[in-house]
Each structure stands twice: as C-alpha cells, then as structure tokens.
Amino acid sequence: MQTARKAAVVGGSLGGLFAANLLLRAGWDVHVYERVPDELAGRGAGIVTHPELLDVLAQIGVPPSESVGIEVAERITLDLNGDVLASRPLPQLLTAWGRLYSILKAQFPDERYHNGYALERVEQDERAAFLHFADGHSIEVDLVVAADGVRSTIRQSLLPAVKPSYAGYIAWRGLVEEAALSERTRRELCPYFAFGLPPQEQMIAYPVAGAASTSDERRFNFVWYRPADEHTTFRDMVTDAKGQVWMDGIPPPLIRPEVVAQARQAAQTVLAPQFSEVVAKTENLFFQPIFDLESDRLALGRIALLGDAAFVARPHCGMGVTKAAGDARALAQALQDAVDLPTALRNYERERLAFGKFIVGHARDLGRYMQAQLRTEEEREMAERYRTPEAIMRETAVAPGWH
C-alpha cells in the first residue's frame, strides 16, 4: 500500500468529503464524484458534534481556531405552557450541515471534486474497479468508496436485499434566523438545547452556526418527531398534488401546502409557545420519514460502504455525521496498516460493522415511544424506558458507550 493508488469516492456530501480528505492526506490519488450538478445545499439540517468528529476535523487539517459551531451549556425541557419542566447541564458544540460542508470542501482541492456525475453501474475484477456514469464517462480505480447515502446506487446493486425500513414516524425540520424570533423566545429558548415532549411526540431545538459562524448570523434549528402510520397518515403525507406517492421520502418542494399548513396548526396546539413560534416563522418547513438501515457487509471486493450508504440510524443519537467521520478514519487507517487492499477492507468491515449495528439498535430504542405501532414486548419496554424528560435529556444526541 506504499505506492500512490487511485481511489474514487462516490458521493460528495459530508461522509464522502471526510473520506476523500483523509485518503488524499494518506497519499492516495483520490477524486470525488457527486451526482448533483450544482453545489450541494443542506435543507435546514442542524448537526450535533462529538469529540470524535472534532478529532477527525483536526486530522484533516482544520485549524483549532476554525469556528465550527455554537457552544451550548445546558439542556431544558419545556411544558405545554412554555415553563421549564426539567434541566440538565451538558456542554455541547452545535453546528449546521452547510457550515461543516464548507469547512470540509475548503480542505479538498476543487479540481478533484466533480459535480454532475450520476453513477449508472460499477464493475470490478481482481485488478481494478470500473465506474460507468450516465454521461458515458468511465474511470478505472483501485478503490471505490461508496458514500452515496441512504439510497446508495452501489449498495443497491451489490446488496439488493438491504433496504431502508420505515420507523413509523416522521420529522418536521427547519431553520429560522434568531433575529426573526421574539425577545421572549430568544431569551428562554435560544441559549439552550431544548426539548418538548407532547404525548408520543418529541421536539428538539438548538442554535446553530450561520455560514460564517458569527453571532449575528446565528440560526435556530429544530426537529419535531410525530407518529405517522405507514398505510394511512404517512401515505397521504407523501402523496404530491398530482397523486404520485413517494414512500421513500417526498422531495420538499412537492409537499402539498395543506400538509404544511396542518403541521403549523398542530404546532400551536401541542407545542410550547416558544416552539410554536419557531415553527410558524420557518419559511421552508419540510418533513423527512425516519428510516433504519443495516448493511450486513461493508467490504465488497474493491468497494467499501461508508456513512449512510452502510448504516442509517434514527437521528436520536445525533451520531450520523460523527459515524461517517469515524468510518472514514477507520478506512484510512486500515488502508495504511494492511499490506494489501482486500485485507485492509476486511479489517475496516470488522471494526465498523459491529459499531454500525450498535448505533442503529440504540437509536431505535430511543425512538420507540414515537412509533405509530409497538409490536413486541421489547419495543414496549424501550418505549417506557426513554419516555421521561430525564432519560431523553440524558441520552438524546449523546455518544453512547461502546466497547
């Protein structure tokens, strides 16, 4: 593994950029291929950081002085009236998808990042892997990193039985400028990592960095979980105005206006007034279905699955981006330590397969009580265990113990 070898990273979001940056610094001739023709943009996604994520950023070369996000010292839970029901000290650094993407993109050479490359198929033999794109372009590489997300083209072609599984609830999401909020909400909500717990629902909200991470550009991010039965409520929500049904997740521009209006109305009824105001003042309100995804393989010949292409955990751990960073670091380390590529990928799989399964299982337990249906005694037990404000504040968006 001492000579420079060619690597292709399929998928140019955060997981792909973590992998590409680390491989480049390890001496690989690496290029990123992103199917979207224009610059990627996050749709109002806040990100909770963990120490491992910050360690990988430092390894990539992001200076310690780089302002990644917003420091929050305390968690609170609000009751329906907007009063503090419970609180817990827990310092954390919170950021936004766009901020982290711009930091990672700045570390990677522009000439090695290629937009508008939609992968059609991948082939491989003992000597190389071959990527064939929709525009007729083909490349030959030694290593392929599949970082193309939950709907991974590569995973679907190699592991067709591995599919996302709907969890029984959805998440409304949005970002609002702090400056647009009332003085009361800025004072009582914006300094905190805040929770609201309507029956069988959960609201999480916290401040995140603006594009330049300056105080006057702070934004407030929220994720509002609501149960939605797959065959009734959910199916209606993912049906667009023309009658097309998007069971894998409807593109936000196609969400029917009446569905958004119903959510805004529900916010006034079931959420504390501070949360209701945040929802009301969010211009681009949208929802995402919550899925679980577990791959049983991560190393497939010359191909390594990484990030959401490998595992998708429900967001309650706040570990999605940190797990992708950890995957990238483990892959780079395995390639450096092993004498040949097959051995390196087997070592990578051995380490990250067990961790991915653990994270998916823990996040599933945290979200049990929001499922539209509880089918087993274990599900009912986990639903009761993580229903209280104390348990939710202690466990949500906290890196779980792993041995």
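Biologist: How far apart do the C-alpha centres of domain 1 and domain 2 lie?

Modeller: They lie 29 Å apart. Keep in mind that this is a predicted model.

Biologist: And which parts of the chain make up each domain?

Modeller: Domain 1 takes in 6–41 + 98–164 + 293–364, and domain 2 takes in 70–96 + 165–291 + 367–395.

Biologist: How many residues are in contact between the two?

Modeller: On the domain 1 side there are 15 residues, in contact with 22 residues of domain 2.

Biologist: OK, sheets. What's the strand order in the open sheet of 6 strands?

Modeller: The order reads β6-β2-β1-β10-β17-β16, and the pairing is mixed. At the edges stand β6 (113–115) and β16 (299–300), each pairing on one side only.

Biologist: β1 and β10: parallel or antiparallel?

Modeller: Parallel, with 4 bridges between β1 (residues 6–10) and β10 (residues 143–146). For a landmark, find Ala-8, which stands opposite Val-144 in β10.

Biologist: What about β7 and β8, how many bridges there?

Modeller: There are 5 bridges, and β7 (residues 119–124) runs antiparallel to β8 (residues 129–133). A hairpin of 4 residues links β7 to β8, and Gln-124 has Ala-129 as its bridge partner in β8.

Biologist: Now the sheet of 9 strands. What's the order?

Modeller: That open sheet goes β3-β5-β4-β12-β13-β14-β11-β15-β18, again with mixed pairing. Because β3 (46–48) and β18 (311–312) each have a single partner strand, one side of each is left without a neighbour in the sheet.

Biologist: Which helix packs on the sheet there, touching β14?

Modeller: That's α8, which touches β4 (70–78), β11, β12, β13 and β14. The direction of α8 makes about 100 degrees with that of β14.

Biologist: And how many bridges pair β11 with β14?

Modeller: They pair over 9 bridges in the antiparallel sense. Trp-172 has Trp-224 as its bridge partner in β14.

Biologist: Switching to α7. What are its length and reach?

Modeller: Helix α7 (residues 257–270) has 14 residues and reaches 20 Å from its first C-alpha to its last, close to the 20 Å expected at 1.5 Å a residue.

Biologist: Which residues of α7 are buried?

Modeller: Val-259, Val-260, Ala-263, Ala-266 and Ala-267. Down the axis of α7, these buried residues fall within an arc of 120 degrees, so they line one face of the helix.

Biologist: Why would that spacing put residues on one face?

Modeller: An α-helix has 3.6 residues a turn, so residues three or four places apart point the same way.

Biologist: What's exposed on the other side of α7?

Modeller: Pro-257, Gln-262, Gln-268 and Thr-269 are exposed there.

Biologist: And what covers the buried residues of α7?

Modeller: The cover includes β11 (165–177), β14 (219–227), α6 (233–237), α8 (273–280) and β15 (286–294).

Biologist: Last topic, backbone. Where does Gln-200 lie, and what's its phi?

Modeller: Gln-200 lies in the loop between β12 (193–196) and β13 (202–208). The phi of Gln-200 is near 60 degrees, a positive value in a residue other than glycine. Most residues other than glycine have a negative phi.

Biologist: What about Ala-397, buried or exposed?

Modeller: Buried, at 4% relative accessibility. Ala-397 lies in the segment after α12 (389–395) and has a positive phi of about 55 degrees. Gln-200, by contrast, is partly exposed at 33% relative accessible area.

Conventions:
Residues are numbered from 1 along each chain as its sequence is written. This is a predicted model: local features need pLDDT of at least 70, side-chain atom pairs count only at pLDDT 80 or more; totals for chains, interfaces and linings use all residues. Side-chain values use heavy atoms; hydrogens and water are left out. Helices (H or I, at least four residues) and strands (E, at least two) are DSSP runs, numbered from the N terminus. Buried means under 20% relative accessible area, exposed over 50%, partly exposed in between (1.4 Å probe, protein chains only). The expected span of a helix is 1.5 Å times one less than its number of residues. The arc is that of the directions from the helix axis to the C-beta atoms. Contact means heavy atoms within 4.5 Å. Two strands pair if DSSP finds at least two bridges between them. Domain bounds come from an automatic or database domain assignment. Axes are lines fitted to C-alpha atoms, for helices over the stretch in contact, and angles run from 0 to 180 degrees between N-to-C directions.
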